[in-house]
Amino acid sequence: MAGDLRKRLERLRKLARAEEDARSLGLSRASELPEPVPLEGPAPASGDRGLGRREGGPEFLKGWDKLGDLVWSRSLRFKDYLGEEIDPLPFNAIGRRRPGQASGLAGPVPTGRLRFFDLETTGLSGGSGTVAFLAAIGSREEGDFVVRQYFLEDYPGEAGFVRELLSALEGRTVVTYNGRSFDLPLLRTRCVMNGLIPPRAEDIDCLFAARRLWKSVHGGASLGLLEREVLGIEREEDVPGSMIPDIWFSYIKAGDSPLMDVVMSHNADDVVALARLLARAALVFEAPLSWLASASLDRAGLGRTLLALGRQEEAEELLEAALGDGHEGAGLVLSRHYRRRGREADRRRVLGMLPESPRSWIERSKFLEHVERDNASALALAELALASAWTRRLEEALRLRVERLRRKLGMT
Amino acid sequence: MTQTSATDFIEAFLSDPEIAPCVAHVERLPARDAEWAALPTDLDARLREGLASRGIGRLYSHQAASYSMVRRGEDLVVVTPTASGKTLCYNLPVVQSLLEEPSARALYLFPTKALSQDQQAELKEVALGGALPVRVYTYDGDTPDSLRVAARDTGRIVISNPDMLHSGVLPNHAKWINFFSNLRFVVVDEMHAYRGIFGSHVANVLRRLLRVAAFYGSRPRFIFCSATIGNPGELATALLGRLVSAITENGAPRGERLVVFYNPPLLDPVQGIRKSTATESEKLAVRMLRAGIKTILFARSRLRVELIASYIVEALANRYTDNGRIKVSPYRGGLLPSERRAIERGLRDGSIQGVVSTNSLELGIDIGGLDAAVIAGFPGSFASFWQQSGRAGRRGGLSLAVLVASSAPLDQYIIAHPEYFFGRPSEKARIDPDNPYVFMDHMKCAAFELPFREGEALAASASLAAGEAEGKAASESAEALGFLEEEGIVRRTGGRWYWSAAGYPSEKISLRSATADNVVIVDTTGGGSRVIGEMDRPSAKELIFDNAVYIHMGRQYIVLKLDIDNRSCHVVEKDLDYWTDAVVKTDIEVLTEDERGIVEGTQFVLGDVLVRTQAEKFKKLRFHSHENIGYGEISLPPEEMQTRAIILLLGSGSAGASLGFDEAGGEGADSAIRAAVLSGCGRLLHDLAPAFLMCDPRDLGRAERVRDPHFGVPAIYLYDKYPGGTGLSEGLAKLLGKAVAAARERLAACSCSGGCPSCIGVDFADRASMVDGSLVKERVLALFGAMEAAHGGRS
């Protein structure tokens, strides 16, 4: 192409800036470029940015050991809340299975084999250009819960950084929070990018169990939220996850970043919280009926999990209790459960307890049609539900149901 | 239609006293016999059987030629007109190779999702419906998560589109390690669709694909398929960045086809006013539909599609109020995918007999055989014309295609030169992969995908000698990376450039337009809020401004509020008897003069310009009569764009003299005439250039300056309408001589007395009623004569 690329680029940049300025007067949009991180805490002494890096690293790397080129590590000790063994089944019976993974863990796992794992990365959407720069791996050691952290100081050290993680995780059972969707695929991508063989480790992702147990009660299931609401831990100092990438970018570009030490404790705190949450959930799964009268967890969610595990009696008890307190979802799960077992009398009782709602109308309509053979009543309820269908797909299904019932009644 | 009924209808049609006088030309394209070749001797027995079960015992010559070239390991492009059995050109050699090498993979790229769905069905047939160990997966935005993993891990052939490759596959290439490590073939179908800005983007996506494949140690071979264009080899080479050889001979048989040039009656020869293309096309289509002929009508724009479809439905409704046996549907971009799928289904199963379409249907979506095609106005390129007319009679037999000429100079030129039309295709598809906007976008994506090594280039340009090209590519890549480093989004360290921003660059980059941001059109009728379409920002400013009429699926909406900042446009349904058309004002500033050509007295300059456009007011035009019934104001910020332009300087020598230009500047009346002459000249060149450039007239902008503030002489600007340019200005510089000759010829042949819509236009009549049209016409003719003499030695 004719024309000096450089000069043309300069001009484009000017034009883009002008547009950006014009836009920022109106609606503000997240900039593509990292914003400078706000300074909190002591500002670095002027003049020695970057210098400190060559001389054993910046302030926040005090207490860290250099493992290799651009890779650092430290160990922190915490109180241990874990028992001797953990049953992985309640955690893995539900939720997303890792692609290509066999059914996974069978029997109880000694907690000494567990490696609690969390990554801090340069982005949340994954992809080959998203890099992990900080990792925490927690494990039980001599009566303590020890968190070993690894820090990548700059891109060229990545292969060494990833190798450290692999050797720490290899052959263990990796415990994560949303790791099946995020941390583990990302680790695999980093392996491929660095010509390393991705780890073959069994894993437990706590997110799915945590969601079922606590999400509806606390209005969310982020680790931070559950740490506060379920475990009662308040962090002294923390950063929002969305800021973390820019804190590292700011470090690699400017040589120091005053919030990096907060990111580092955030990362360690996350695996500590993860271990305690796993312990708490395990406790629930061991003796679920202790929560029979409790409002601090979702008994319907717990019941569903137990159903999936084949622990039918405990499940029914919890679901019935929840239904007794007016929990619609529990009633619907029970109704379907009783239908599969052919326990129509129980199903009739459960449906009688359901509050009036489109979902219960649909369930009752099915029961009336297929069990009671009362097509007219079934049609009335199906029509009621159709009028308030909340998705296109549901509307379609209900329309078919209504049409079929009308045909059965000779109404077409 | 059956042979006899078709012949009868066509005979009656052509001899109809209402139609016959308007028929300017009938070209009978005779049926052609097939040229056969034997099945390749090394073909796997299972494939051989599969072909036999479909009644195929031999190949067309071009299919056999592609087979042997692919098997020799060459990159190639096959020219495949509609219904010439193109899929076997790539399916046979690819499936054969996949059978021989159990780990090998292939990627098929189609420009649209709909096409890939068709293709998967076709491939299942070749692959014997799963009897062969060749798993085929479609991987696009609609693929559910559960199938994605299987597609990546076990898909031997993955069917996708460039957009998905760009934003879904390449940025996540590590998940595709098995696929990329074994990638042997890339098939690029409908290659002619990859021109202009889209082609420039796709060339860069292919550069990224090659780079990622190389990371995993593979170097796939490429098979391109294209409709008939003037430069298939050149376009494929430009897209791939390495030399691609072309197979242009086609061995497929062809049914008899009648191409009719229909020129709407001239209402006023002196003013050059013809009956409207839209109403004439509607009339012809209605006649065909009523004779039971399945008909497709192609119109130039979304708006025209909606207008003509509603005219046809109206015309039919009068006669068929009681039975809706004839169903006609509009089909265009901007409809939701589900709406489009429903129409395609209707065409295939026969529940829809007629369709009015933009060129969205010209690509090879299988809609079943239609009997006739009515093309309302020359579609801007010969390739498009042949694709569109090929929609009629895909299953062989006699078919009819009618081109209804508009009064545009290009249409009138073509309709008078059938020999040019039916001769060798001369138009060339152009792309500019080095458009700085496009190139920078893909440098970002490439840096995200893999860090750049010191001295590494995204790709070498194939137009230069090998050594030189590599050096140039490396230095351009380095410059781009330096630029990105200053922006803080890549980091240079340890001999590499690393992506160092939190974003996901391909998410923000659209391959289909120069600007990624689209305005969402929301129907708020009755207090609701339903998304009914979207439009790119620059178009939105000219089409869906406040109080504009927006037509969607035959319904009229009025724009309540176009909110550019929030990229939304609120409309409500409203019945109106008019539509709206924006009046756009254009300013141009010259940024660089990169190349000057001087031939005798006439100069041209190639360079970068800043184009500022602003829609200031709009006209309200009544339906059917298209009469102007009022104006409205538009208050929107101007749109700015940097692009490439060719600037003709007509100040000196014989051209300047014939323009009556003197350095001192003339007085009143003379300068009005000069303005009219210059604008007539610019208009005609602009309107005829697409005959040579393979672009839409709307891809080119134009402006004329009697005394250009930058050059100080009369100047005509023709510029690329996409930011950064797509090679049109450079292409035009080479073809200027031809364009000038065609313009002079068109003007000389025009029957009007002093300018009409078919030549230099009548704009000047608005501005200064003093100007004598016949004098203007005479002067423009003289100016072209002078320019032609000046450019005689070029091109």
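At what angle do helix α10 and helix α12 of chain A pack, and how far apart are their axes?

## Basis of the report

This is a predicted model, in which local features need pLDDT of at least 70, side-chain atom pairs count only at pLDDT 80 or more, and totals for chains, interfaces and linings use all residues. Residues are numbered from 1 along each chain as its sequence is written, while chains are lettered from A and ligands numbered from 1 in the order in which they are written.

## Helix pair in chain A

Helix α10 (residues 299-308) and helix α12 (residues 328-341) of chain A pack at about 25°, and their axes are 9 Å apart. Helices here are DSSP runs of H or I with at least four residues, and strands are runs of E with at least two, numbered from the N terminus. Axes are lines fitted to C-alpha atoms, for helices over the stretch in contact, and angles run from 0 to 180 degrees between N-to-C directions. α10(A) is therefore roughly parallel to α12(A) (angles under 35 degrees).

Residues are in contact if their C-beta atoms, placed from the backbone, lie within 7 Å. On α10(A) the contact is made by Arg299(A), Ala300(A), Gly303(A), Arg304(A) and Leu307(A), and on α12(A) by Gly329(A), Ala330(A), Val333(A) and His337(A).

## Met260 of chain A

Met260(A) lies in helix α9 (residues 260-286) of chain A. Met260(A) is buried, with 22 other C-beta atoms within 10 Å; the term requires 20 or more such atoms within 10 Å of the residue's own, C-beta atoms being placed from the backbone. Leaving aside residues up to four places away in sequence, Met260(A) touches Phe60(A), Ile247(A) and Tyr251(A). Of these, Ile247(A) is 13 residues from Met260(A) in sequence and 6.4 Å from it in space, C-alpha to C-alpha.

## Sheet of chain B

Chain B contains an open sheet of seven strands in the order β1-β11-β18-β17-β14-β16-β15, with mixed pairing. Two strands pair if DSSP finds at least two bridges between them. The edge strands are β1 (23-29) and β15 (328-331) of chain B, each pairing on one side only. From one strand to the next, the twist averages 15°.

β1(B) pairs with β11 (residues 257-262) of chain B in the antiparallel sense over six bridges. Within β11(B), Val259(B) is the bridge partner of Glu27(B).

## Contact between the chains

In the contact between the chains, 33 residues of chain A meet 42 residues of chain B. Elements giving two or more residues to the chain A side are α1 (5-25), α5 (183-193) and α8 (244-254) of chain A. α1(A) gives the most, with seven residues.

How values were computed: Angles under 35 degrees count as roughly parallel, over 145 as roughly antiparallel, 65 to 115 as roughly perpendicular and the rest as oblique. Two residues are in contact if their C-beta atoms, placed from the backbone, lie within 7 Å. A residue is buried if 20 or more other C-beta atoms lie within 10 Å of its own, exposed if 12 or fewer, and partly exposed in between; C-beta atoms are placed from the backbone.
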